[in-house]
Amino acid sequence: MRRLAACLIACLTTALPVMAAEVTNYSLDNGMDIVVIEDHRAPVVVHMVWYKAGAADEPPGKSGIAHFLEHLLFKGTDDMEAGEFSSVVAQNGGSDNAFTSWDYTGYHQRVAADRLELMMKMESDRMRDLALTVDDIGTERDVIIEERNQRVENNPGALFGEQRNAALNLNHPYGIPIIGWKHEAEALELEDAMAFYRKYYAPNNAFLVVAGDVQPAEVLELAKTYYGPLEPTPGLSERVRPQDPPHLAERRLIFEDPRVSEPYVIRTYRAPERDPGAQETAAALLLLSDILGGNGATSVLGQKLQFKTQVAVYASAFYQPLAYDDSQFGLVIVPVPGVSLQEAEDAMDAAVAEFMQEGVDQAQLDRIKLQLRAARVYAQDSVQGLARRYGASLTSGLTLDDIEAWPDIIQAVTADDIMAAAEMVFDRNKSVTGWLRKPTKVEVTQ
């Protein structure tokens with residue numbers, strides 16, 4: 001059966017083509033980079049502007065300013081009224097939105113291909129000509145505080161996550177929440193937003209990604225017309241962020257909240273990200289996370305903890321390879337009722353220790369590689385997904401060559417590579433272990 005499975009996987013892998021998107025790139029004289037991804041199957045285009053600035057690039061004491069500015073960009077400019085941008089997109093049958101991460105901020109529209117010029121005209125207008133008022137600041141600041149209340153303050157798991165990230169990142173700004181610490185977000189002012197805007201919202205700090213039914217030469221001419229005249233920020237250097245000192249000791253925390261309905265244990269380790277020209281370790285860690293916890297029914301942790309010992313209702317592993325600086329690798333277990341968090345943690349550690357002794361099951365590795373290859377094929381159906389993959393990668397410090405090489409690097413990873421990555425990442429001195437639970441009752445004796 002093993003030979004038959006291996007044969008089937010080999011045949012499927014050979015038969016499953018990966019259609020490479022036609023990608024063209026340019027640079028304008030003002031430093032703006034342009035990536036065009038052709039897909040002529042439908043008369044649709046996705047227009048995205050990505051800024052190489054996110055929450056990890058904020059000045060000290062101004063946490064939340066990147067996300068705040070994302071909201072403010074939907075206010076007025078010299079040529080548009082507040083709210084007009086999204087209204088025009090909708091009137092033209094399109095949709096638009098924006099997002100902020102630690103490493104980038106992005107703005108995107110999906111419209112009919114013949115509306116691309118209109119999108120460029122409006123997006124280029126708000127790159128350099130944002131017109132904010134004090135009233136805009138007060139109104140939108142209330143909006144983001146309410147957003148924080150809903151997403152974080154009312155969610156024990158989100159509060160727990162903030163504390164864990166802060167413990168894992170001793171000095172690095174990845175330990176600061178994207179939405180901002182509440183006491184700092186409440187104090188953001190007009191000049192804070194405009195200072196961040198004037199520095200980072202510039203053509204020489206941005207990628208334009210256009211995907212869909214377009215011709216690269218036409219995109220370039222439109223970009224020259226609308227983005228080309230914009231002035232760059234002078235003296236803008238590469239991102240240099242505060243870095244962590246050596247991690248010399250394991251950190252642990254217990255977060256208690258009466259609203260917790262399902263207690264769990266989670267451990268995160270410092271882990272390398274995808275580095276330009278050196279993505280092999282990240283590829284091995286990605287496969288390690290899938291082997292350990294990618295699927296509850298077939299993963300190592302799922303099999304050992306959910307089915308064999310039945311101590312967990314859920315067990316998994318996770319890894320985020322895409323980041324500008326060091327990322328994290330994590331393990332999580334949600335115990336069944338009656339199993340304590342200490343027992344759950346011990347069981348999780350025992351399962352990982354067994355895996356380190358047993359090694360990688362080659363058939364499982366081959367199956368996961370095939371699934372990842374198939375997922376890449378299916379991803380070609382989404383021009384927005386393609387544009388997002390390129391934009392997020394480029395603003396995280398990777399190159400077009402890195403993006404194109406990534407699938408083949410994953411397929412080349414061996415079982416030995418994965419075990420070497422596991423030995424490297426499972427360093428308890430570079431970890432944070434957290435327990436989330438309801439408050440425990442403490443009896444006070446007289």
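In the predicted model, Glu 147 is found in helix H5, a segment that spans residues 134–153. With a relative accessibility of 13%, Glu 147 falls under the 20% limit and therefore counts as buried. When its neighbours within four places in sequence are set aside, the residues in contact with Glu 147 are His 67, His 71, Val 152 and Ile 179. Of these, His 67 and His 71 belong to helix H2, and both take part, together with Glu 147, in the contact between H2 and H5.

The geometry of this helix pair can be described through the two axes, which come within 10 Å of each other and cross at roughly 120°, with H2 comprising residues 65–72. The crossing in which H2 passes H5 is right-handed. On the side of H2, the contact is made by His 67, Phe 68, His 71 and Leu 72, whereas H5 contributes Asp 136, Ile 137, Glu 140, Arg 141, Val 143, Ile 144 and Glu 147. Sorted by class, the residues of the contact between H2 and H5 comprise five that are nonpolar, two that are polar and four that are charged.

Elsewhere in the chain, five strands form an open sheet of mixed pairing, in which the order is S7-S11-S8-S10-S9. Strands S7 (251–256) and S9 (312–319) are the edge strands of this sheet, each of them pairing on one side only, and the twist from one strand to the next averages 15°. Helix H10, which covers residues 280–293, lies across strand S8 (264–271), strand S9 and strand S10 (327–335), and its direction makes an angle of about 175° with that of S9.

A further helix, H15, extends over residues 400–412 and contains Ala 405. The relative accessible area of Ala 405 is 28%, a value between the limits of 20% and 50%, so that Ala 405 is classed as partly exposed. Along the chain, Ala 405 and Ile 266 are 139 residues apart, and a distance of 32 Å separates their C-alpha atoms.

Definitions and conventions: Residues numbered from 1 in each chain as written. Predicted model: local features only at pLDDT ≥ 70, side-chain atom pairs only at ≥ 80, totals over all residues. Heavy atoms only, no water. Axes fitted to C-alpha atoms, helices over the stretch in contact; angles between N-to-C directions. Helix = DSSP H or I, 4+ residues; strand = E, 2+ residues; numbered from the N terminus. Left-handed = near helix turned anticlockwise from the far one by under 90°. Contact = heavy atoms within 4.5 Å. Nonpolar A, V, L, I, M, F, W, Y, C, P; charged D, E, K, R; others polar. Buried < 20%, exposed > 50% of the residue type's maximum accessible area, 1.4 Å probe, protein only. Pairing = 2+ DSSP bridges.
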